[in-house]
Amino acid sequence: MVKFRELNLFFLVVWLGRAVTETPNAEIPPPERIAVIGAGIGGAAAAHFLRQYFGRDVQIDVYESGTVGGRLAKATISGQDHEIGAATIHPLSLHIKEFVQLLGLKERKHPNNLLAVYDGEQFVFEESEWFIINFFKLIWRYGFDFLRVKMWLENYQHKFMRIYQYQAQGYSFTTMEKLLQVLGGDNFVQMTKHSIDEALQEVGISQRFIDEMVGSIIRLTYGEGVNVNAFVGMTSLSETESDLWTVEEGNQLICSGLLYSAKVNLIKGKVTSVDAKERPRRNGEVVTVYEVNYLVGPHTDYGAYDIVIVAAPIQSSDPEIHFRAFSQPIDVPRGRYQQKFVTLVEGRLNASFFSYHGAGPFRPTTIGTTVHSGNFILGASVSAPVTRGTPPARVWKVLSPEPLGEEGLRHLFPSYAAVRQAQWLAHPRYSPDDRVPPFVLHDQLYHLNAIEWAASTLEMMAIAAKNGALLAHHRWFRQLDKIDQDTLQEVKVEL
Ligand SMILES: Cc1cc2nc3c(=O)[nH]c(=O)nc-3n(C[C@H](O)[C@H](O)[C@H](O)COP(=O)(O)OP(=O)(O)OC[C@H]3O[C@@H](n4cnc5c(N)ncnc54)[C@H](O)[C@@H]3O)c2cc1C
């Protein structure tokens with residue numbers, strides 16, 4: 001059922017995608033230079049859509065201070081490459097699917113994991129390989145909560161999928177709130193304003209299910225508790241579906257492929273500021289030009305642009321990019337990003353650390369921990385190498401808010417052959433009081449990562465990228481009827 005729906009939508013998105021850019025207003029000259037700051041999935045997808053909408057003549061410069069891919073990255077352990085950043089892609093990620101097809105990359109099914117939930121004393125739930133056994137185990141412990149949560153989730157997913165049709169018709173939104181309002185009305189907007197705990201309690205889900213199952217899944221995906229906003233909670237729960245997938249040879253290939261096909265100039269530099277400059281045109285009109293200042297090693301340089309897309313996280317508490325000489329202060333997020341460590345370990349997990357003294361071998365391949373477990377890890381799962389057919393070494397991926405250190409490693413693994421660790425500013429530190437900042441920072445200055453304050457995933461960034469490119473296009477050519485249209489709710493969408 002989902003597959004048929006997904007396929008239909010996919011073709012619809014591809015087909016309607018062609019219709020987005022009507023012939024632009026001939027009286028307005030097109031932009032000459034566009035800057036994209038960041039070459040993660042947000043920046044790479046933005047470059048792709050900008051090239052599609054503005055044509056081949058515009059110069060697109062992409063600034064990257066680290067590595068192309070950003071939070072999509074792989075690491076080599078014991079001779080095999082593993083994802084050490086974002087690993088899985090949801091089956092309904094239609095933009096990412098389109099990129100993968102366009103670039104001729106190969107999808108690869110992510111192995112289904114066997115989940116065990118640890119509450120600090122014991123495993124309160126342990127998944128079996130047999131569907132029917134799981135069904136009865138879930139009913140025994142949680143009644144029908146798991147089915148009710150599944151239905152609740154599907155209802156929201158169904159509404160969220162409307163975004164593809166609206167984007168395919170060229171509609172764009174200046175804030176997340178306006179976008180959510182069009183997708184599902186006030187109910188949907190409220191998703192970012194109250195916690196997943198409250199949202200699930202409202203539909204009668206037991207606290208036990210919320211704390212144990214929902215809580216451990218949110219810790220595994222976002223490293224937080226059930227007080228995250230309901231939208232993040234919903235996104236997190238979607239990660240438990242089967243049919244998750246990944247890109248053969250590494251998800252990062254999507255970013256490098258999109259940058260290559262969009263024919264961008266990649267500038268390896270760290271942007272330090274964006275300054276607004278007023279410049280007169282020959283016809284007397286005064287326009288704003290954005291000066292992007294950047295560092296390459298010890299040297300500073302700059303470029304001047306008509307349009308700037310910021311596709312990197314901005315934290316007002318620790319600003320890496322300053323916005324100078326704007327007549328109004330720029331509205332950047334007030335919160336912080338959350339630190340997360342991902343440690344790949346080739347070794348045998350110490351099951352007795354989790355008070356597991358079962359007679360047979362330890363079967364779970366994903367361990368979730370409840371917030372009350374007091375555990376120093378957020379969770380762990382068996383990691384599959386990115387290359388098909390590589391003989392599997394048992395590599396565990398351990399997630400923790402602090403580095404594991406020697407002691408942590410010794411607790412978890414009596415012996416290990418190799419260790420690789422990455423530190424991420426993984427995603428915003430969520431709370432239901434967060435305000436999702438606007439996508440538009442100034443006339444032609446956009447911030448894609450505002451969407452992360454609703455939820456942070458690859459597909460969300462691709463949606464933000466398409467929205468940002470559409471906004472830039474429509475605002476440049478003054479096609480304002482395609483921006484923040486709230487009558488879209490009346491469009492009937494058959495999925
Ligand atoms: C450990 C981990 C696991 C995850 N798992 C999943 C998952 O399974 N599925 C999923 O969908 N999502 C997952 N995510 C979330 C997902 O990775 C992010 O939502 C997404 O990658 C964000 O992409 P982005 O392009 O917005 O940001 P980034 O990937 O962070 O890219 C921003 C880029 O901008 C560059 N940059 C920053 N500042 C500057 C500057 N001043 N000048 C120039 N360049 C700059 C950075 O170097 C970086 O390359 C995970 C994230 C983490 C950390």
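**Charges and rings**

Mentor: The charged end of Arg-33 sits over the ring of Tyr-305, 4.7 Å from its centre. A charge sits over a ring if NZ of Lys or CZ of Arg is within 6 Å of the ring centre and within 35 degrees of the ring normal. In a second case, the charged end of Lys-482 lies over the ring of Tyr-171, at 5.1 Å from its centre. Please note that this is a predicted model, in which local features need pLDDT of at least 70 and side-chain atom pairs count only at pLDDT 80 or more, while totals for chains, interfaces and linings use all residues. Residues are numbered from 1 along each chain as its sequence is written, and side-chain values use heavy atoms, with hydrogens and water left out.

Trainee: How many aromatic pairs does the structure hold?

Mentor: A pair of aromatic rings is described by the distance of the centres and the angle of the planes. Rings of Phe, Tyr and Trp (its six-membered ring) pair if their centres lie within 6.5 Å; planes under 30 degrees apart count as stacked, over 60 as edge-to-face and the rest as tilted. The structure holds 26 such pairs. One of them is edge-to-face, between Phe-160 and Phe-231, with 5.8 Å centre to centre and 65° between the planes. This pair links distant parts of the chain, 71 residues apart: Phe-160 is in helix α5 (residues 145-160) and Phe-231 in helix α10 (residues 230-238). Helices (H or I, at least four residues) and strands (E, at least two) are DSSP runs, numbered from the N terminus.

Trainee: Is Phe-160 buried or exposed?

Mentor: Buried means under 20% relative accessible area, exposed over 50%, and partly exposed in between (1.4 Å probe, protein chains only). Phe-160 counts as buried because its relative accessibility is 12%. Phe-231 counts as buried too, at 1% relative accessibility.

Trainee: Which parts does the pair of Tyr-222 and Tyr-430 tie together?

Mentor: Tyr-222 and Tyr-430 form an edge-to-face pair, 5.7 Å centre to centre and with 90° between the planes. Tyr-222 lies in helix α9 (residues 207-222) and Tyr-430 in the loop between β19 (415-428) and β20 (440-442), so the pair ties together parts that are 208 residues apart in sequence. Both Tyr-222 and Tyr-430 are buried. Elsewhere, ring pairs link Tyr-118, Phe-123, Phe-353, Phe-354, Tyr-356, Phe-362 and Phe-376 into a cluster.

Trainee: What is the strand order in the open sheet of 7 strands?

Mentor: Strands of a sheet pair through backbone hydrogen bonds, either parallel or antiparallel. Two strands pair if DSSP finds at least two bridges between them. The order here is β7-β6-β16-β17-β18-β15-β19, with mixed pairing. β7 (123-126) and β19 stand at the edges with a single partner strand each, so one side of each is left without a neighbour in the sheet.

Trainee: How many bridges join β15 to β19?

Mentor: These strands run antiparallel and are joined by 12 bridges; Gln-339 stands opposite Leu-425 in β19. β15 also pairs with β18 in the antiparallel sense, over 6 bridges, and Val-342 has Leu-399 in β18 as its bridge partner. In turn, β18 (residues 395-400) is joined to the antiparallel β17 (residues 379-383) by 5 bridges, with Lys-397 in β18 as the bridge partner of Ser-381.

Trainee: How many residues of β15 are buried?

Mentor: β15 is mostly covered, with 10 of its 12 residues buried. Val-345 is found in this strand, β15 (residues 337-348), and counts as buried because its relative accessibility is 0%. The C-alpha atoms of Val-345 and Arg-394 are separated by 8.3 Å, although these residues are 49 apart along the chain.

Trainee: Which strands stand at the edges of the open sheet of 4 strands?

Mentor: Its order is β12-β11-β10-β14, with mixed pairing. β12 (299-305) and β14 (322-324) are the edge strands, each with a single partner, so one side of each is left without a neighbour in the sheet. Strand β11 (residues 286-296) runs antiparallel to β12 and is joined to it by 7 bridges, and Leu-295 stands opposite Thr-300 in β12.
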